[in-house]
Amino acid sequence: MNNVIANRLTKSFNNVKVVDDLSFSVDEGEIYGIIGPDGSGKTTLFRILTTLISPDSGSCKVCGFDVTKDYKAIRNVVGYMPGRFSLYQDLTVQENLDFFATVFNTTLGENYSLIRDIYVQIEPFKDRPAGKLSGGMKQKLALCCALVHRPQILFLDEPTTGVDPVSRKEFWEMLKNLKKIGITIIVSTPYMDEASQCDKIALMQNGKFLRVDTPQNFINNYSGKILSVKSDNIYNLLEDLRTYKSLITAFSFGECCHLSSMYNEIDIDNLIDYLIKRKHKNIVISEIIPSIEDCFLSYLNR
Amino acid sequence: MKIFISFVRKEFHHIIRDKRTMLILLGMPIVQILLFGFAITTEVNNVNVVVLDHSKDDITRKIKERIAASDYFNIIGEVDNQENINSVLLKGDANLVIAFSNDFASNLKKGGDASIQLIADGTEPNQASMEVNYISGILNSVVSEGSNNIDKITIIPQVKMLYNPQLKSAYNFVPGVMGMILMLICAMMTSIAIVREREIGTMEILLVSPLKPIIIIISKMIPYCVLSILNLISILLLSVYVLDVPIAGNIFLLFSVSLIFIILALSLGLLISTLVDTQMAAMLASGMGLMMPVIILSGLMFPIESMPKILQYISAIIPARWYIEAIKKIMIQGVEFQYVIKEIFILSIMTISLILVSLKKFKTKLN
């Protein structure tokens with residue numbers, strides 16, 4: 001069963017199409033990731049889905065309710081966690097939770113089983129004002145608040161932005177547990193490494209989905225090779241690789257550079273000669289299996 | 001109902017935990033009342049007087065004694081020629097100069113031209129005319145006492161100032177400050193409180209919830225309503241016990257009219273919150289947009305009757321004007337309900353229309 005069905009959604013601000021003719025569907029109980037750079041329209045799309053703004057044209061159903069006509073019904077069954085921290089900073093953790101539980105006509109005890117795993121981590125700080133929590137703790141509290149009424153769908157707009165890697169990992173573990181309970185999760189993120197945790201990924205840019213697929217299919221369908229290049233002078237390496245030949249994309253990945261071309265094979269011997277001429281030493285070139293990140297970058301650069 | 005109570009409690013938490021703002025909110029009325037009561041006053045007090053006495057006789061001495069004995073004037077010295085008058089006024093030592101002509105007493109007895117010149121510093125016209133009035137009163141009383149000539153009985157009008165026999169300016173500004181404070185606290189704080197939720201993003205979560213907008217609105221208003229009533233009480237206590245302004249009318253009527261005005265100001269704040277996007281804009285809109293008209297056009301500072309016609313019409317749409325008028329009537333004149341029906345009616349109509357407009361404009365969506 002589909003939990004979200006969007007049909008040709010469009011929304012413009014000042015004649016710029018922020019969401020451009022989008023059609024997609026999300027199945028019940030899946031983690032649907034929307035990946036895209038800043039300004040690609042993710043937040044606007046979330047606001048349409050959570051009935052905060054109305055689309056200019058197109059229709060969309062969330063849990064069977066229309067986002068424009070039945071927006072009040074949708075507001076009963078979804079949980080929403082906006083991009084920036086949107087809880088009351090001057091209220092304590094406990095007060096925030098109790099308040100949102102009451103707003104959604106429930107109590108903390110009623111759905112405690114759902115949030116127990118997350119809540120035990122923030123419980124030691126329950127008398128601390130929410131504004132004085134660390135970034136990761138804030139996100140956990142916000143997630144608790146969004147879950148407190150046991151929503152059917154959870155909308156998470158960039159929940160891990162500005163959160164340290166360990167907390168990010170924990171956060172995704174929690175999402176997987178929620179999925180097991182049957183909650184549909186629609187999550188956006190600018191971090192490509194988080195994409196592989198989703199069941200399905202939509203790659204978004206300029207208000208459009210470039211491609212929607214499972215993480216595995218993204219990798220399987222990737223045509224072309226990826227070369228990993230290392231040298232002593234990593235600072236100049238990326239610039240030199242980018243000027244090597246046209247139609248080649250190069251990105252820095254930690255201490256090496258990934259080089260790919262969608263259209264023609266790269267001659268490794270020729271490349272080594274080129275780099276030696278550019279005074280690079282200790283050059284190591286190896287072919288690697290593309291990661292999800294490589295796939296995205298090549299898509300986004302097309 | 002449970003939602004409502006928990007929402008109101010949350011709002012109280014916000015106010016109580018923001019100690020600085022709460023201090024300002026509760027302290028402002030007290031400071032304002034005391035400032036208006038003691039510093040900013042239109043009464044004449046401690047006027048420095050310099051005398052130029054060419055005559056130096058019994059009557060001029062008596063007049064000088066009288067002036068020096070009054071609470072309003074201090075004689076700080078004498079000058080001996082006309083030229084020095086200008087310099088003492090310019091230096092700012094004196095506010096007023098009294099000059100007696102030659103042979104003042106004998107001329108007066110003969111019925112000749114005994115003349116007195118009052119030279120006042122006209123840079124503060126209101127002050128100057130008050131000073132001249134007071135001095136004239138003293139002069140008249142001395143001259144009439146001294147005159148035995150029955151033919152020359154002059155008619156001295158017995159002026160009686162009703163409701164405010166001592167002509168205290170506190171009688172005028174206490175209602176004015178009440179109007180200003182209530183307007184400011186209710187309108188400004190409600191608009192800021194609502195806009196703040198939008199600015200920090202919590203409004204997004206509240207909107208994506210089964211909460212009805214009316215509950216959000218009413219629970220935002222209640223804490224400020226309570227705060228305003230506390231302020232009202234502190235203003236009234238101060239004015240009765242510190243400034244000696246009695247409450248002549250029915251206290252219940254006074255509070256009822258104030259409550260209407262508070263609700264009006266709250267809905268004005270709600271309206272402002274639907275029009276602006278940031279707390280800063282809300283503060284400017286309610287601060288500048290409400291304070292200035294209330295101070296200038298409501299009759300708090302300047303009498304409405306002496307304004308140009310066009311400003312009189314504008315002042316008619318300023319709620320504080322009607323509130324201040326009603327409070328003056330109830331508090332100072334002590335009138336009954338039927339004399340303030342007009343003001344109550346106008347305030348109620350304004351309140352209802354403001355509530356309707358702002359409820360209609362309150363967005364249940366973001367754009």
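1. Two strands count as paired if DSSP finds at least two bridges between them. The points below use the term in that sense, and they concern a predicted model.

2. In chain B, an open sheet is built from 4 strands. Their order is 2-1-3-4, and the pairing is mixed. Strand 2 (73-79) and strand 4 (116-120) of chain B are the edge strands, each pairing on one side only. From one strand to the next, the twist averages 25 degrees.

3. Within this sheet, strand 1 (residues 47-53) and strand 3 (residues 96-100) of chain B run parallel and are joined by 5 bridges. Val51(B) has Ile98(B) in strand 3 of chain B as its bridge partner.

4. Helix 4 (residues 83-91) of chain B lies across strand 1, strand 2, strand 3 and strand 4 of chain B, and runs at about 165 degrees to strand 3 of chain B.

5. In chain A, helix 4 (residues 112-122) packs with helix 6 (residues 165-181) at an angle of about 165 degrees, and their axes are 9 Å apart. These two helices of chain A are therefore roughly antiparallel to each other, and their crossing is right-handed.

6. On the helix 4 side of this chain A contact are Leu114(A), Asp117(A), Ile118(A) and Gln121(A). They meet Glu170(A), Met174(A), Asn177(A), Leu178(A) and Ile181(A) in helix 6 of chain A. The contact residues comprise 5 nonpolar, 2 polar and 2 charged.

Methods. Residues are numbered from 1 along each chain as its sequence is written. Chains are lettered from A and ligands numbered from 1 in the order in which they are written. This is a predicted model: local features need pLDDT of at least 70, side-chain atom pairs count only at pLDDT 80 or more; totals for chains, interfaces and linings use all residues. Side-chain values use heavy atoms; hydrogens and water are left out. Axes are lines fitted to C-alpha atoms, for helices over the stretch in contact, and angles run from 0 to 180 degrees between N-to-C directions. Angles under 35 degrees count as roughly parallel, over 145 as roughly antiparallel, 65 to 115 as roughly perpendicular and the rest as oblique. A crossing is left-handed if the near helix is turned anticlockwise from the far one by less than a right angle, and right-handed if clockwise. Contact means heavy atoms within 4.5 Å. Ala, Val, Leu, Ile, Met, Phe, Trp, Tyr, Cys and Pro count as nonpolar, Asp, Glu, Lys and Arg as charged, and the others, Gly among them, as polar.
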